[in-house]
Amino acid sequence: MLKRSLCVVLICAATSLAQEAKPPKVLKLSPALAPVPAMKYRLLPEVRDQTPGNAITGYYRAFSPEWQGYRREPNWSETISQAMEMPLTELRGSETAKKLGWLHTWPMFKEIDRAARRSHCNWDLAERIREDGMMLLLPDVQGMRELGRLLAIRARLEIADGDFAAAARTLQTGYALARHAGEGPTLINGLVGIAITMHMNTQVEAWMQAPGSPNLYWALTDLPVPFIDLRKCFQGERLFIDNLLPGIRECLKDPEHPAFSPGQMRQMIYTFASAIGGNTDAHVFGMALAAPRYTGAKKFLAEQGWTAAQIEAMPALQAVCMQEVYEYDRHYDAMTCAVHLPYREGRPVIAKAEAKLGQPAQNLTSAMPMLARMLAPTTIRMIASRTRLDRQIAALRTIEAIRMYAATHDGKLPATLEAITAAPIPRDPVTEKPFDYTVMGDTATLSG
């Protein structure tokens, strides 16, 4: 059996310096050629496996309280944690595995398996965000974390039993669930999708260490990059402004747009104050918002083409809110325009924009982008999380390439990654450079 030490170094320049580095993972592997056919064990459902319909309806069926009886079992959380942490050699046939045997035939999983193979996933949340704004609760999105965790346990039990066909189907469901979670229009969706994917990646590590496990190099290579697409998440976040300050974006586009009535402004500022200030008095909040900003807002509108008569005809709060929304959109675009670039290229652009937003205003009449400062996303942290995820998958691909090499070289590790010619070796998505790779005896170390 080959020994291989995989050092998963997840310290990105975009993360907090206070974040602790995770300890290296040591994976004990055996050589394995690519299966025939090469895509025998896929990690996402194919189109031919899909059926028409919206995946969300199936996931919602899975949330039925009738299928949540396991929560009433004594120490169920501890049992699940044990299954996640127990080595595969100990898990197989253990009391913990017997206690969780119901997972193999659980009706709730039947719904999740079906949902993961639907043709599309529509969360139908855009209008709810416009209606509820920042007060919108997302228990369904957060609940998918638990579904992902339970799927990971089922996959782990199947891997421990050596049932790789069943485990592959469970992993397909889990990876599809993660992608579906990430397709919603909030950053919470993206974070949940990333978390579920990491659960699945951990089970791929378990797969690779199981005796006789098939090689997943080509299955991993077939996964989308980036695995979680954050486009809808970032675009959806802008909808919260439409709830806080409805109609303001329309005013910005049209100088002839009628001025808001005092009643409209009162309702708007009440919604705004409630969302960000809790019990803050709306009138007091409106005065505090307008007083130091009105002079700058009038200057801003004049520069944008509004006449003095048009500016004087609108309430002072309307003028201030128009500048606030403009500044929010300006800063938001500056921070998100580069999120789909490779991490090495996009990070400096985003970091510069975030730093600029954090700079203090020069004086009371200058634009003080309160909305942007309060509501703009922590963009660098999001793309760092997404890139760490892609780095995990790239590292797993590299490990499987090493197993392929060893299978044709008498079980020996390659001296360098360049020695592997049977399959392309991915680069670290963070640096776009090869992973660091060293060999000492029968142990290889791979790190980012």
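Visitor: Is Glu-432 buried, exposed or partly exposed?
Guide: Keep in mind as we go that this is a predicted model. Glu-432 sits in the loop between β5 (427–428) and β6 (433–434). Buried would need under 20% relative accessible area and exposed over 50%. Because Glu-432 has 28% relative accessibility, it counts as partly exposed.

Visitor: What is the phi of Glu-432?
Guide: Most residues other than glycine have a negative phi. Glu-432 is a residue other than glycine, yet its phi is positive, near 60 degrees.

Visitor: Where is Asp-124 found, and what is its phi?
Guide: Asp-124 is found in the loop between β4 (118–120) and α6 (126–132). With a relative accessible area of 59%, Asp-124 is exposed. Although Asp-124 is not a glycine, it has a positive phi of about 55 degrees.

Visitor: Which residue in the hairpin of β7 and β8 takes a positive phi?
Guide: Strand β7 (residues 436–440) pairs with strand β8 (residues 443–447) in the antiparallel sense, over five bridges. Met-440 stands opposite Thr-443 in β8. The hairpin has two residues between the strands, and the one with a positive phi, near 70 degrees, is Gly-441.

Visitor: Which residue does a cis peptide bond join to Val-225?
Guide: Most peptide bonds are trans. Here the bond is cis, with omega about -5 degrees.

Visitor: With which side chain does the side chain of Arg-154 make a polar contact?
Guide: Arg-154 lies in helix α7 (residues 139–160). It counts as buried because its relative accessibility is 6%. Leaving aside neighbours within four places in sequence, its contacts include Leu-103, Phe-109 and Thr-170. The polar contact, at 3.1 Å, is with the side chain of Asp-113.

Visitor: How many disulfides does a search of the whole structure find?
Guide: Two cysteine sulfur atoms must be within 2.5 Å to count as a disulfide. For Cys-121, the nearest cysteine sulfur is that of Cys-233, 11 Å away, and Cys-121 is in no disulfide. Cys-121 is buried at 7% relative accessibility, and Cys-233 is buried at 0%. The number of disulfides found in the whole structure is zero.

Visitor: What separates the C-alpha atoms of Pro-87 and Asp-254?
Guide: The C-alpha atoms of the chain fill a box of roughly 85 × 50 × 40 Å. Pro-87 has its place in the loop between α2 (76–85) and α3 (88–91). Asp-254 is 167 residues apart from Pro-87 along the chain, and their C-alpha atoms are separated by 64 Å.

Definitions and conventions
Residues numbered from 1 in each chain as written. Predicted model: local features only at pLDDT ≥ 70, side-chain atom pairs only at ≥ 80, totals over all residues. Heavy atoms only, no water. Pairing = 2+ DSSP bridges. Helix = DSSP H or I, 4+ residues; strand = E, 2+ residues; numbered from the N terminus. Buried < 20%, exposed > 50% of the residue type's maximum accessible area, 1.4 Å probe, protein only. Polar contact = N/O pair within 3.5 Å; in protein donor to acceptor, adjacent residues only side chain to side chain. Contact = heavy atoms within 4.5 Å.
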